[in-house]
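Dear colleague,

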Amino acid sequence: MAADLHLHTHFSDGTYSPEELVGHAGRVGLRAIAVTDHDTVEGCDRAARACAASGLEFVAGAELTCELGGSEVHLLGYYLDTAHPRLLQELAVFQRVRQERVREMVAKLNELQLPLEAQTVFALANCRSPGRPHVARALVQRGLCGTVDEAFERYLKKHRPAWVPKFKMSARQAISLIHEAHGLAVLAHPGLNNNDRIIPRLVEASLDGIECWHTKHTRAATERYVALARQYGLLITGGSDCHGLSKGKPLIGTVRLEWPHFEALKTRALTRGGVPSPAPSPAAVPHTD
Ligand code: AMP
Ligand code: FE
Ligand code: FE
Ligand code: ZN
């Protein structure tokens, strides 16, 4: 039995609907999944319903863009109360800033004589939490770049001409917010940050876990983070960070968290008084998509 606890839907920069994602989860033999869209929990209710209908365990999550000591860190919130008023209020701020950032990126592209309109990006994104992947896809759709990768390389990567920095909540505030919303705070893909020195500071700020398994972690990185998690008494998680098709195949299920780690996460959430995935009855709510 295995879980994939890092998955995106079209409520942020993934391409699958929550129902499509759950369909893939079942096909690749997962027993539990978490939806962790960037700066939103909007896909969680539909994913919870689809999981309930398919006999999968569901964890409501989000991936928050944060900052600590000048570096960007992504924090995963798990077992969040997706109706928590302050969580929703803070996420709405993230989302407004993301929309403004799309406008700024488009303005920079226009200065580079690329004829793209913000409205094209918003129509393509069709979500409240748009980001660079949507700008990249719009550039491809308009024939202004050959591929999404090219769009990132030429324009959207850090320090490229249309890059705009993103608003980041302090990691301490984000951990408090996740806890206030009855969730657990996990450091996402530390192997991509190249900054393990921040881990003790996150632990001081009451971090609950480390994402040790991730698509882009080498085996050595995973071993290092498992050892660090054990050293600090933190939970151990993992996920594929699937955004849809990658080289023709979805990543979902290519990273499989072993069940005892998933059980430990769930037990911690329950002992904290968190919300253990209260999936609504599948019959009660119709699918809309
Ligand atoms: P944003 O949150 O708007 O800064 O965009 C970050 C997202 O862009 C990540 O979550 C990835 O999904 C995607 N991304 C980052 N770098 C690349 C890249 N070089 N090529 C394609 N997608 C990327
Ligand atoms: Fe993403
Ligand atoms: Fe991330
Ligand atoms: Zn992610």
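Two residues are said to be in contact when heavy atoms of theirs lie within 4.5 Å. Please bear in mind that the model is a predicted one. Among the contacts in the chain with a separation of 6 or more, 71% are between residues 24 or more positions apart.

**The chain as a whole**

The chain contains 10 helices and 11 strands. Its radius of gyration is 18 Å, close to the 19 Å that the globule rule gives for 289 residues, and the chain is therefore as compact as a globular protein of that length. Along the principal axes, the C-alpha atoms fill a box of roughly 55 × 45 × 35 Å. Of the 289 residues, 52% count as buried. The chain exposes about 12,700 Å², and carbon and sulfur atoms supply 51% of that area.

Strand E4 covers residues 71-78, and seven of its eight residues are buried, so the strand is largely enclosed by the rest of the structure. Strands E3 and E4 run antiparallel and are joined by eight bridges. Together E3 and E4 form a hairpin with two residues between them. In the turn, Gly 69 has a positive phi of about 55 degrees. Within this pairing, Glu 67 stands opposite Glu 72 in E4.

Strand E4 is also joined to E6, by four bridges, and these two strands likewise run antiparallel. Here Gly 77 has Ala 185 in E6 as its bridge partner.

**The iron ion (ligand 3)**

The iron ion (ligand 3) is separated by 5.9 Å from the iron ion (ligand 2).

**The zinc ion (ligand 4)**

Glu 63 (OE) also coordinates the zinc ion (ligand 4), together with His 6 (NE2), His 8 (NE2) and Asp 241 (OD), at 2.0 to 2.2 Å. In sequence, the donor residues of the zinc ion (ligand 4) have the spacing H-x1-H-x54-E-x177-D. Why is the arrangement around the zinc ion (ligand 4) irregular? To count as tetrahedral, four donors need all their angles to lie between 85 and 135 degrees. The four donor atoms of the zinc ion (ligand 4) subtend angles of 79 to 168 degrees, which makes the arrangement irregular.

His 6 lies in strand E1 (residues 2-7) and Glu 63 in strand E3, so this pair ties together parts that are 57 residues apart in sequence. His 6 is buried, with a relative accessible area of 0%. A distance of 4.6 Å lies between the zinc ion (ligand 4) and the iron ion (ligand 2).

Yours sincerely

Conventions:
Residues numbered from 1 in each chain as written. Chains lettered and ligands numbered in written order. Predicted model: local features only at pLDDT ≥ 70, side-chain atom pairs only at ≥ 80, totals over all residues. Heavy atoms only, no water. Donors = N, O, S within 2.8 Å, 3.2 Å for Na, K, Ca; no water. Tetrahedral: all angles 85-135°; square planar, octahedral: opposite > 155°, others 65-115°. Buried < 20%, exposed > 50% of the residue type's maximum accessible area, 1.4 Å probe, protein only. Rg over C-alpha atoms; globule rule 2.2 N^0.38 Å. Areas by Shrake-Rupley, 256 points an atom, 1.4 Å probe, with all protein chains shown as cover. Pairing = 2+ DSSP bridges.
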